[in-house]
Amino acid sequence: MFEEKGYLILRQLIPQVMCDYLAENIKVLEADGPLSYGDEQVQESSATFAPVVTEILLDILTPILSSAISCELCPTYSYLRIYLKGAVLARHIDRPSCEVSATLCISSDSRGIWPLCLETADGITEVNLEPGDAVIYKGMEIPHWREVFEGDRQVQVFLHYVKRNGAYEEFKFDKRPHLSHQMVGPRQ
């Protein structure tokens, strides 16, 4: 199904209690200041590349996502973005480290669901994700975007992969020696 359609929706990939746990960890990140306001893709957001909490999620979900799409995946990197009112994600495709991508909704402070739009051979599909839901898609092939965010805040985690033994396997770990959580040693 994934290979034919180019995407697969995974309802309740992680349970609400895990979303709550991640949301609290992300608040700590915000308080410590490692998130930057805005990025190249979305000005009305705060974001950071590969924080430890999302790198662990990337790592532990690798076998689950591999099984879901019947393809062995190698993790490349994670990305955390907190969308704020007025945010727009322009239509785009991803770079080679994102051969297979998943976007996971952690929390949303909004009256309604803010859809992710995917353009496939079947046309445009609006994917509505509740906290804990994810969509895994061919990031380099499927154009994707979001229209204007009307809510106040939505926390989204992006998990990126390449296919093991595939054309982009050289991008494993995003060409880093390992994932960032594997760089954390004992505290002195």
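Biologist: By class, what does the lining of the largest pocket have?
Modeller: The lining of the largest pocket has eight nonpolar residues, five charged residues and four polar residues. Here Ala, Val, Leu, Ile, Met, Phe, Trp, Tyr, Cys and Pro count as nonpolar, Asp, Glu, Lys and Arg as charged, and the others, Gly among them, as polar.

Biologist: What kind of model is this?
Modeller: This is a predicted model, in which local features need pLDDT of at least 70 and side-chain atom pairs count only at pLDDT 80 or more, while totals for chains, interfaces and linings use all residues. Residues are numbered from 1 along each chain as its sequence is written, and side-chain values use heavy atoms, with hydrogens and water left out.

Biologist: How much space lies in the largest pocket?
Modeller: The largest pocket holds about 310 Å³ of space. A pocket is an open set of points on a 1 Å grid over the protein atoms alone, where a 1.4 Å probe fits, with protein on both sides within 12 Å along at least five of seven lines.

Biologist: Which residues are the closest to its centre?
Modeller: Of the 17 residues that line the largest pocket, Q41, Y77, R81, D94 and H160 are the closest to its centre. Lining residues have an atom within 4 Å of a point.

Biologist: A change of topic: where is F173 found, and what is its phi?
Modeller: F173 is in the segment after strand 11, and its phi is positive, about 60°, although F173 is not a glycine. Most residues other than glycine have a negative phi.

Biologist: Is F173 buried or exposed?
Modeller: F173 counts as buried, because its relative accessibility is 17%. Buried means under 20% relative accessible area, exposed over 50%, and partly exposed in between (1.4 Å probe, protein chains only).

Biologist: What about D174?
Modeller: D174 also lies in the segment after strand 11, with a positive phi of about 60° although it is not a glycine. At 16% relative accessibility, D174 counts as buried.

Biologist: Where is K5 found?
Modeller: K5 is in helix 1 (residues 2–5). With 31% relative accessibility, K5 counts as partly exposed.

Biologist: How far apart are K5 and E170 in space?
Modeller: K5 and E170 are 25 Å apart, C-alpha to C-alpha, and 165 residues apart in sequence.

Methods:
Grid points are joined across faces, edges and corners, and a volume is the space filled by probe spheres set on the points. Helices (H or I, at least four residues) and strands (E, at least two) are DSSP runs, numbered from the N terminus.
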